[in-house]
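User: I have a model open and want to go through its packing. Can you take me through it?

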Amino acid sequence: MFENVRGAFLIGGLLFFALSVAVMGWLPSLMVAQVKVETVEEISQTVIPEFEELAERYPEQFQMHFGVPGPESFAEALRLGRDTYIAEACWHCHSQFVRPVSNEAQRYGPVSLAAEYQNELNYPPLFGTRRVGPDLSREAGVRSNDWHAAHFFDPPSVVPTSVMPAFPWFFDENKKPNKKGLAVITYVQWLGSWIDPTGQIRRPVEAAGGQ
């Protein structure tokens, strides 16, 4: 009798496990497979002006690490910048998701749409866990490259109340951004570059079929 009950529980547990895998794993993967995802190569075809300005502002460092500004070097910088952003745990304190609460749209721009995350650089989305620092969804072009360089090197020098740690390893012995420094500045300056001057979302929604 006891063995029959135990066997029933075992079979039931296996069935529920299989059901959960299907509902939470297999079915969502089928849905995601139908969604248009913009690749880094597609994104990099539109080189942001901040990336080109980095080449002018730090010519020796840029030439050494990325050559000349263009789609290929922009794609390389975006990938390294995002990897660095994740590795340094920037996403713990900075979210990338404007929520429809607490007047966030007034501070950070339009409430985030699902289509904004339909690209390789937002897979997986970096929604963040806390908001010790501001949301970075709309950071593109808000501040200059020099501001970001100074902020990474010594945060209180530009934001006296900042509790963000310094990242001196983003810089060379001359205190100029190295490859990681240039890349992470590029990535941060790319965030929100799909918002036009009127505040409307233009990319990557268009590439995602206007969803």
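Predicted model: local features only at pLDDT ≥ 70, side-chain atom pairs only at ≥ 80, totals over all residues.

**Core and helix packing**

Analyst: In the largest nonpolar core, which has 35 residues, the ones that touch the most other members are Phe 51, Phe 62, Phe 74, Tyr 85, Phe 152, Tyr 187 and Trp 190. Such a core is a set of buried Ala, Val, Leu, Ile, Met, Phe, Trp, Tyr and Cys residues joined through side-chain atoms within 4.5 Å. Buried means under 20% relative accessible area, exposed over 50%, partly exposed in between (1.4 Å probe, protein chains only).

User: Which element gives the most to this core?

Analyst: α9 does, with seven residues. Helices are DSSP runs (H or I, at least four residues), numbered from the N terminus.

User: Which residues of α4 are buried?

Analyst: In α4 (residues 59-66), Gln 61, Phe 62 and Phe 66 are buried. They fall within an arc of 95 degrees seen down the axis, so they line one face of the helix; the arc is that of the directions from the helix axis to the C-beta atoms.

User: What do they pack against?

Analyst: α3 (49-57), α5 (71-87) and α9 (179-190).

User: And which exposed residues are on the face turned away?

Analyst: Glu 60 and Met 64.

User: What follows α4?

Analyst: Gly 67, with a positive phi near 75 degrees.

Methods: Residues numbered from 1 in each chain as written. Heavy atoms only, no water. Helix = DSSP H or I, 4+ residues; strand = E, 2+ residues; numbered from the N terminus. Contact = heavy atoms within 4.5 Å.
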